Amino acid sequence: MKESDIKETQLQTEHINELPSLLNKVQNEKKRVLTASVITFGCQMNARDSEKLAGILSSAGFKLLEDDEDADFVLYNTCTVRDNANRKLYGHLGEAHASKKKNPDKLVAVCGCLPQEPEAFEILKKKYSFIDLIFGTHNIYAFPEYLCRLLSGERHIYEIMDATDRIVEDLPVLRKYPFKSGVNIMFGCNNFCTYCIVPYVRGRERSRESADIIKEIEGLVSSGVKEVMLLGQNVNSYGNGIEGEISFPELLKRVCDIKEIERVRFMTSHPKDLSDDLIKVIRDNTKICRHLHLPLQSGSTRILKEMNRHYSKEQFIDLALKIRSEIPGIAITTDIMVGFPSETMADIEDTLDVIRKVEFDNAFTFIYSKRMGTPAAVRDDQVSEENVKMYFDSVLACVQEYAKKRALVWQGKTFDALVEEEDSSTKGYVTGRLSNNMLVHFAGDKDLIGSIVPVKLDECRGFYYIGSKV
Ligand code: SAH
Ligand code: SF4
Ligand code: F3S
């Protein structure tokens, strides 16, 4: 860690130590335990950030609730990658305002990617002035300090930073699952795909030092974690910018060398930077899960160029087929976006062609959403709603056809599953995740949660299986 990062970590740790007595004072006045809730929108990075925010709230002494409705302190960790994420947040804020009218002491905070957008920050400050605390992704490490100020009675703490190179380590974390955990290996993004707001709201790419990552995973393992997911917007460029740092394939190897770790996943891999070395490391390490998320976005070389993705249709197909032949049984999933400016049915035909050739095991299909400040948003050749719907329907149908076909391949076979939770729909059943990321529901006791057990995949139900423990 850099000298200044070490100092900041110490400062925030001091604030964390002050929190219990500050909270106690408020609780004594109210004569009850105060509750808090962290509501998360967006990607795995936000989910991981929320675990850190919840860890700080819990170490202060708040009782954590799932729901925001009744909580004394509610923190919305926001996403702005598409417009519908924003709309969901504003819905929650409306409700929070109503419940604050009933309970004026309720504290409302907003953090994450949305307030990093200057326009959104202004709207939150002016139109939602009942919010007590706003901070962004760049100053998330200062949450203990902001919480101290709130508990000391300060309100309207609105702090956003334009950029940061800070990486603050070792703050408390409250993990959602005891047996699996995300691990940040890098923050930010340098790719500037022309539709995407992430580089603007998450800042420039910064990798953590490999020694810190390994230390964190060793700590997780000693507290019972069996599976880690290494997180970054483009894990393949891990280590860039740190002199002498190891590459992503080397990092993966070192993580696999930690004896007690049983499963390793990672997300996301940009196709332009996926090396033969990485393919080899996955192939040779059975701890690395047989799942690769490889976002295509579009199958049209023309559109890919306009998106600034740095690969062509043919390069993507060649890469995916090479991965399939080198690593038998690997599941390849993807993200596809339809309705990028100027897209025509001919471009969609190219996308369908890639889906047919690669046979994705699953895909998230998104409708292009204009993001303020991105180059694509100011183009005057936006696609009509009617065409977007037609594109979306044809891509979705094709994706589903191949996902079903791929899932059928494994029916009747037996695989290890990490049991994650009780099945929400069938009593006496649990849900496990296979190495290839698919889910299997099977009869089993909740004591199995957290263990890896062999399960026969009796019946494929489209995107999941019904199985039996062998
Ligand atoms: N870093 C990852 C993606 C992170 S965002 C990568 O490069 O693959 C997750 C997904 O959201 C993207 O893969 C893309 O399909 C989608 N997305 C990003 N910006 C979008 C926008 N403006 N409209 C619709 N979907 C978008
Ligand atoms: Fe967005 Fe592209 Fe960066 Fe992914 S690689 S976060 S899509 S800019
Ligand atoms: Fe959303 Fe921010 Fe992730 S915009 S997708 S939460 S990086």
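Analyst: A residue counts as near a ligand if one of its heavy atoms lies within 4 Å of it. The model is predicted.

User: Which residues are around ligand 2?

Analyst: Cys189, Asn191, Phe192, Cys193, Tyr195, Cys196, Val198, Pro199, Gln233, His270 and Arg309.

User: Which residues are around ligand 3, and how do they divide by class?

Analyst: The shell around ligand 3 holds Gly42, Cys43, Asn46, Cys79, Thr80, Val81, Cys113, Arg202 and Gln233. By class, four are nonpolar, four polar and one charged.

User: Why are strand 15 and strand 18 called a pair?

Analyst: Pairing needs at least two bridges. Strand 15 (residues 414–422) and strand 18 (residues 452–460) have five, in the antiparallel sense. Therefore they pair. In one of the bridges, Ala417 has Val453 of strand 18 as its partner.

User: What joins strand 15 to strand 16?

Analyst: Five bridges, again antiparallel, with strand 16 covering residues 429–434. So this also meets the rule of at least two bridges. Leu418 is bridged to Arg433 in strand 16. The hairpin of these strands has six residues between them, and Gly428 takes a positive phi near 85°.

User: How do you know that Gly444 touches Gly428?

Analyst: Contact means heavy atoms within 4.5 Å, so Gly444 and Gly428 meet that limit. Gly444 also touches Tyr429 and Val430. Gly444 sits in the loop between strand 17 (439–443) and strand 18. The C-alpha atoms of Gly444 and Lys427 are separated by 9.5 Å, and these residues are 17 apart along the chain.

User: What domains divide the chain?

Analyst: Domain 1 (3–159), domain 2 (177–275), domain 3 (290–409) and domain 4 (414–469). Nine residues from domain 3 and eight residues from domain 4 make the contact between those two. Their centres, taken over C-alpha atoms, are 29 Å apart.

User: How much area is buried between domain 3 and domain 4?

Analyst: About 690 Å², with 66% from carbon and sulfur atoms. Arg290, His291 and Ala407 lose the most area on the domain 3 side, together 53% of what that side buries.

Conventions: Residues are numbered from 1 along each chain as its sequence is written. Chains are lettered from A and ligands numbered from 1 in the order in which they are written. This is a predicted model: local features need pLDDT of at least 70, side-chain atom pairs count only at pLDDT 80 or more; totals for chains, interfaces and linings use all residues. Side-chain values use heavy atoms; hydrogens and water are left out. Helices (H or I, at least four residues) and strands (E, at least two) are DSSP runs, numbered from the N terminus. Domain bounds come from an automatic or database domain assignment. Buried area is the accessible area (1.4 Å probe) that two parts lose on being put together, summed over both. Ala, Val, Leu, Ile, Met, Phe, Trp, Tyr, Cys and Pro count as nonpolar, Asp, Glu, Lys and Arg as charged, and the others, Gly among them, as polar. Lists of a residue's contacts leave out its neighbours within four places in sequence.
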